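This report describes selected features of one protein chain.

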Amino acid sequence: MIIFNTTYCIDHSVIQAGLIWIKENYIPKAMDSGQIHTPRLSKILSDETEGINYSLQFLVNSIEELEIWYQSTGDLLHQDMVGRFGDKMLGFSTLLEEVDLA
């Protein structure tokens, strides 16, 4: 299982609109394909003056499934975000793999 993490930096002027977009548009549309699931949204605790940072994580079965998701859905959602918020909401993604502690 892969953890697909996107960190968003949202400018103070669009915090409410950005969070509404993530919760009401991005998450439901991202999960429509069935390739990514189990969303988790967290506020990153830091003293950022340029904005507030959030981490949005999904689970995905494989990198191949994530690539299919990017091509069918992810790129369109990114374009929607840029069209709505421009440089006031930026995101970068990281893939994580859980490590067994045993």
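## Strand, core and pocket

Thr-38 lies in strand β2, residues 36–43; helices (H or I, at least four residues) and strands (E, at least two) are DSSP runs numbered from the N terminus. The model is predicted, so local features need pLDDT of at least 70 and side-chain atom pairs count only at pLDDT 80 or more, whereas totals for chains, interfaces and linings use all residues. Residues are numbered from 1 along each chain as its sequence is written, and side-chain values use heavy atoms, without hydrogens and water.

Although Thr-38 is not a glycine, its phi is positive, at about 55 degrees. Thr-38 has a relative accessible area of 47% and is therefore partly exposed; buried means under 20%, exposed over 50% and partly exposed in between (1.4 Å probe, protein chains only).

Asn-5 belongs to strand β1. Asn-5 counts as buried because its relative accessibility is 8%. Its side chain makes the two polar contacts tabulated below; such a contact is a pair of N or O atoms within 3.5 Å, and within protein one must be able to donate a hydrogen and the other to accept it, while residues adjacent in sequence count only if both atoms are side-chain atoms.

| Side chain | Partner side chain | Distance |
|---|---|---|
| Asn-5 | Ser-55 | 2.5 Å |
| Asn-5 | Gln-57 | 3.3 Å |

Leaving aside residues up to four places away in sequence, Asn-5 touches, among others, Leu-56, Phe-92 and Leu-96, contact meaning heavy atoms within 4.5 Å.

The largest nonpolar core holds 24 residues, of which Tyr-8, Ile-10, Ile-22, Tyr-26, Phe-58, Trp-69 and Met-89 touch the most other members. At least two residues of this core come from each of β1, α1, β3 (52–60) and α2, and α1 gives the most, with 7 residues. A nonpolar core is a set of buried Ala, Val, Leu, Ile, Met, Phe, Trp, Tyr and Cys residues joined through side-chain atoms within 4.5 Å. With residues up to four places away in sequence not counted, the contacts of Ile-22 include Tyr-8, Leu-41 and Met-89.

Which residues lie nearest the centre of the largest pocket? They are Thr-6, Tyr-8, Tyr-26, His-78 and Ser-93, out of 15 lining residues. A pocket is an open set of points on a 1 Å grid over the protein atoms alone, where a 1.4 Å probe fits, with protein on both sides within 12 Å along at least five of seven lines; lining residues have an atom within 4 Å of a point. Within this lining, α2 gives the most, with 7 residues.
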